[in-house]
Amino acid sequence: HPESDSETVLNLAENCRRLTGIVLLGGTPLGRPLLRELDKLGVPVVLLGKLENGGIYRNIHCVHSNHVQSGYLKVEALLRNGHRRIGVVLNEPPSPTIQETMRGMKEAVHSYKLRWHDLTISESSIRFWEDPMHGGYVLTHEVLKKSPRCFLFLALGNRIRDNLCSLRYNR
């Protein structure tokens with residue numbers, strides 16, 4: 001449970017008779033003392049996210065995304081297919097994930113000998129806990145106002161597809 005503290009997690013794990021493994025979501029605050037205790041349980045512990053110095057633990061493993069590569073592949077696919085009027089809608093709050101994704105996007109743009117400013121990028125961004133559907137709609141309007149000829153949109157948010165489809169349909 002996301003609101004569990006480390007003591008509760010350890011207590012639950014130690015008192016579970018048929019424990020075969022533990023999965024922890026990224027963003028969970030994990031200090032070294034907790035990681036050492038989880039490692040001592042002797043069952044696989046999988047962290048969905050990055051863990052610095054994860055190799056020092058015998059039973060703790062990580063699964064994480066390569067956000068730089070993800071950003072690169074998104075933009076490279078559009079550029080490879082000849083698209084140049086691309087709008088970028090930053091429909092996620094600022095985070096290390098978004099920064100890594102944008103770094104990959106910039107690498108793709110530069111590999112095609114273009115400038116990052118050749119893309120039309122929303123200047124605003126959504127805030128934490130803000131409705132991503134509404135935010136995506138507003139940010140898409142912002143991009144279209146800056147560049148009415150923008151045709152393809154690269155959205156970094158997960159739930160923006162419907163907004164973009166609606167906006168293109170209503171234009």
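Analyst: One definition before we start: a residue is buried under 20% relative accessible area, exposed over 50%, and partly exposed in between, using a 1.4 Å probe and protein chains only. This is a predicted model, where local features need pLDDT of at least 70 and side-chain atom pairs count only at pLDDT 80 or more, while totals for chains, interfaces and linings use all residues. Residues are numbered from 1 along each chain as its sequence is written, and side-chain values use heavy atoms, with hydrogens and water left out.

User: Why does Glu107 count as partly exposed?

Analyst: Glu107 has 39% relative accessibility.

User: What makes Glu107 and Arg103 a salt bridge?

Analyst: The term asks for a side-chain nitrogen of Lys or Arg within 4 Å of a carboxyl oxygen of Asp or Glu. For Glu107 and Arg103 the N to O distance is 3.8 Å, and their side chains do meet in a salt bridge. They sit four residues apart in helix H4, which means about one helical turn between them. In general, an α-helix has 3.6 residues a turn, so residues three or four places apart point the same way.

User: How many salt bridges does a search of the whole structure find?

Analyst: It finds five. One of them joins Glu37 and Lys40, with the closest N and O atoms 3.2 Å apart. Both lie in helix H2 (residues 32–40), three residues apart. Glu37 is partly exposed at 29%, whereas Lys40, at 62%, counts as exposed. Arg115 and Asp118 form a salt bridge as well, at 3.1 Å. Arg115 is exposed at 55%, and Asp118 is partly exposed at 33%.

User: Why is Asn59 called buried?

Analyst: Asn59 has 16% relative accessibility, so it counts as buried. Where is it? In the loop between strand S2 (45–48) and strand S3 (60–63). Leaving aside neighbours within four places in sequence, Asn59 is in contact (heavy atoms within 4.5 Å) with Asp39, Gly42, Val43, Pro44 and Val45. Val43 is 16 residues away in sequence, yet the two C-alpha atoms are 6.3 Å apart.

User: How do you know that the span of helix H5 agrees with what it should be?

Analyst: Helices here are DSSP runs (H or I, at least four residues) and strands are E runs of at least two, numbered from the N terminus. The expected span is 1.5 Å times one less than the number of residues. H5, residues 132–146, has 15 residues and should span 21 Å; its end C-alpha atoms are 21 Å apart, so the two agree. Its buried residues include Pro132, Gly135 and Leu139.

User: What makes a set of residues a nonpolar core?

Analyst: Its members are buried Ala, Val, Leu, Ile, Met, Phe, Trp, Tyr and Cys residues joined through side-chain atoms within 4.5 Å. In the largest one, of 14 residues, Trp116 and Leu119 touch the most other members. Helix H3 (67–80), strand S4 (86–89) and helix H4 (96–111) each supply at least two residues of this core, and H4 gives the largest share, five. Apart from it lies another core of 12 residues, among them Ala13, Leu34, Leu38 and Tyr57.

User: How many helices and strands does the protein chain have?

Analyst: Six of each, and buried residues make up 37% of the chain's 171 residues.
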